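I wanted a first look at this chain and kept short notes on what I checked. The entries stand in the order in which I made them.

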Amino acid sequence: SIFEDKKGQLWFCTYKGLSRYDGSKFFNYNQEKGGLSNKTVRAICEDKQGNLWFGTNLGVDKYDGKFFTNYNQSHGLINNTVMSIVEDHSGNIWIGSDGGVSKFDGKTFTNITSEQGLLNNKVLAILEDKYHNLWFATGEGLSRYSHGKFISFTTAQGLSNNKTLAI
């Protein structure tokens, strides 16, 4: 992932940490230097308060500009291998992982899996559309979440391939 934050800085996810480019030089963050929980970083999201959220192999790290706070399965996250993160219009953080989706309201996690209607538990990407529907790209197609219900889209509904990688 590549992400531009509200300050115009560029962030780059890598398999050996995180890099931030301020326009003139790079700053690197990893487990030893910078406070990341894990060296593999796959996803970035900035919330309305300006906190940055990073998806790693050991959960999700929230960065307030000074310190990293890790949330993982011991805090209620459904799976530690985080693939995608998005903030919805209400300020909830949605986290896609290898084990389903977690919604974080700032205090508690609510977990959603195929048992609740998600098409597949490997969630590679998440998007909230202008109607506040949440879309989840999975290894078996797309799931749209609206008003507490899922609708699935696969090749049977016209999708070119069920393995959706991005939205």
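The notes below go through strands, a loop residue, aromatic rings and a nonpolar core.

**Ground rules.** I am reading a predicted model, in which local features need pLDDT of at least 70 and side-chain atom pairs count only at pLDDT 80 or more, while totals for chains, interfaces and linings use all residues. Residues are numbered from 1 along each chain as its sequence is written, and side-chain values use heavy atoms, with hydrogens and water left out.

Entry 1: I took strands as DSSP runs (E, at least two residues), numbered from the N terminus, and called two strands paired if DSSP finds at least two bridges between them. Strand E2 (residues 10–14) runs antiparallel to strand E3 (residues 17–21), with five bridges joining them. The hairpin from E2 to E3 passes through two residues. I looked up tryptophan 11 and found arginine 20 in E3 as its bridge partner. E3 also pairs with strand E4 (residues 26–29), antiparallel, over four bridges. This second hairpin has four residues between its strands, and glycine 23 in the turn has a positive phi of about 110°. Four of the five residues of E3 are buried (under 20% relative accessible area; exposed is over 50%, partly exposed in between, with a 1.4 Å probe and protein chains only).

**Entry 2: aromatic rings.** I described each pair of rings by the distance of the centres and the angle of the planes. Rings of Phe, Tyr and Trp (its six-membered ring) pair if their centres lie within 6.5 Å; planes under 30 degrees apart are stacked, over 60 edge-to-face, and the rest tilted. The count comes to 19 aromatic pairs. One of them is tyrosine 21 with phenylalanine 26, tilted, at 4.7 Å centre to centre and 40° between the planes. Tyrosine 21 also stands opposite phenylalanine 26 of E4 in the strand pairing. Is tyrosine 21 buried or partly exposed? At 26% relative accessibility, tyrosine 21 counts as partly exposed. Ring pairs also link Trp11, Tyr29, Phe54, Tyr63 and Phe68 into a cluster.

**Entry 3: the open sheet.** Four strands form an open antiparallel sheet, in the order E5-E6-E7-E8. Strands E5 (41–46) and E8 (68–71) are at the edges with a single partner strand each, so one side of each has no neighbour in the sheet. Five bridges pair E6 (residues 52–56) with E7 (residues 59–63). Threonine 56 has glycine 59 in E7 as its bridge partner.

**Entry 4: asparagine 80.** Asparagine 80 sits in the loop between E8 and strand E9 (82–87). Asparagine 80 counts as buried because its relative accessibility is 18%. Leaving aside neighbours within four places in sequence, its contacts (heavy atoms within 4.5 Å) are Thr56, Asn57, Leu58, Gly59, Asn72 and Gln73. A polar atom of its side chain lies 2.9 Å from the backbone nitrogen of glutamine 73.

Entry 5: Six of the six residues of E9 are buried. E9 runs antiparallel to strand E10 (residues 93–97), joined by five bridges. Isoleucine 85 stands opposite isoleucine 95 in E10. The core has 12 residues, among them Ile85, Ile95 and Phe109. E5, E9 and E10 each supply at least two residues of this core.

How values were computed. Polar contact = N/O pair within 3.5 Å; in protein donor to acceptor, adjacent residues only side chain to side chain. Core = buried A, V, L, I, M, F, W, Y, C linked by side-chain atoms within 4.5 Å.
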